[in-house]
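This report goes through one protein model, from single positions to the whole chain. The sequence and structure come before the details.

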Amino acid sequence: MDVLIFSFNAVAPIILTILLGYFLQKIDLVPESFFINANKIVFNIAIPCYLFYSVYNINDLADINWKLTLCAAAMVIIVCIGAVVFFSFYTKDCGKRGVLIQCAYRSNYAIIGIPLAQAMGGDEALATAAVISAVGIPTFNVLAVIILSVYSYDNSGKKSSPLDIFKSVCKNPLIIGACSGLLCLAVRDYVDFTIKDNIPFLYETVKDLGAMASPLALIVLGGRFKVSAVRELAKDISLGVLWRLIIAPVFSITVLLCLARYGVIELTKADFPAVIAYYGSPVAVGSAIMAESMNCHGELARQLVIWCNIASIFTVFAMIVICKYFSLI
């Protein structure tokens, strides 16, 4: 019961903030243009600052368990490829296809996953979660840019070339934020200068802008949420939730356990909560902002964020109970 209460408490603030945005829309407190422009602020400023801050604050690259981290990221890529194959057969709607593929592999690791790992495993699990994020978060975002570029709606009928996709990756604000954090992290031990110590006003500004990312993104999601779209998109929503919360985590965690059993990677009880959180968290809040900004099916992306978060209350609870039963955590 404590686990279920924890799962609920982790997700409830997200749902309530989305409901606030929906309420603001219903009472016309702010115009529709507010949500459209706020969407741009989140995508271009707030989330990149959050990603930079999260990666920059990892203690040291030397602390990273590279085998576990790279295998964890590799599983995300494998799930993404599997989703590409499945959803290519499932729908001919490119915008829907891109959104569903992104939902299948991309978890809300930064906002829900890392705190969830700490709650399950304490500071040791938090340390593992932080180092996994150094590779995991950029992996999520690079894949998202590629997938959404390939499957974006293009009324001209022009297909994205590999060069176009590469340019999209390089220019994407989320990629710039995460990679800038990695760069600063890599050179921090070799120069007698840090942003945190030598430019504290800039560090605090980035921190504050990053802290704005999640609540503002959730308000935008609620403000642009359409209840009438649920019935029309019900099958798409169900499949997206199934992939994100059941297929992807069960497959990925099973493979990592097999790799650990045969000595390919080291996976301790301190590491396992971070792995559960990495794969089992609901779809990232930023996925909806990103999908709409890159001309994919924004409404489906918003619906998936909301329904994945609601369903995750029970799926996260089930995963934790099963893992405790088998003494994995």
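## Position S238

S238 is part of helix α12, which covers residues 234–261; helices are DSSP runs of H or I with at least four residues, strands are runs of E with at least two, and both are numbered from the N terminus. S238 is partly exposed at 47% relative accessibility. Buried means under 20% relative accessible area, exposed over 50%, and partly exposed in between, with a 1.4 Å probe and protein chains only. Between the C-alpha atoms of S238 and Q102, which are 136 residues apart along the chain, the separation is 14 Å.

## Basis of the model

The model is predicted: local features need pLDDT of at least 70, side-chain atom pairs count only at pLDDT 80 or more, and totals for chains, interfaces and linings use all residues. Residues are numbered from 1 along each chain as its sequence is written, and side-chain values use heavy atoms, with hydrogens and water left out.

## Overall fold

The protein chain holds 15 helices and 0 strands. Its radius of gyration is 19 Å, close to the 20 Å of the globule rule for 329 residues, so the chain is as compact as a globular protein of that length. The radius is taken over C-alpha atoms, and the rule is 2.2 Å times the number of residues to the power 0.38. The C-alpha trace spans about 50 × 50 × 40 Å along its principal axes.

Of the 329 residues, 51% count as buried. Among contacts with a separation of 6 or more, 85% are between residues 24 or more positions apart; a contact means heavy atoms within 4.5 Å.

## Nonpolar cores

A nonpolar core is a set of buried Ala, Val, Leu, Ile, Met, Phe, Trp, Tyr and Cys residues joined through side-chain atoms within 4.5 Å. The largest one has 90 residues, and F87, Y105, Y109, Y278, Y279 and M290 have the most contacts inside it. Helix α5 (residues 109–150) gives the most to this core, with 16 residues. A second, separate core has 6 residues, including C49, F52, I195 and Y203.

Leaving out residues up to four places away in sequence, Y279 touches C71, A72, M75, V76, R244, P249, S252, I253 and L256.

## Loop residues with positive phi

D28 has a positive phi near 55 degrees and is not a glycine. D28 sits in the loop between α1 (2–26) and α2 (32–56) and is exposed, with a relative accessible area of 61%.

N295, also not a glycine, has a positive phi of about 65 degrees. N295 is in the loop between α14 (286–293) and α15 (298–325) and is partly exposed, at 41% relative accessible area.
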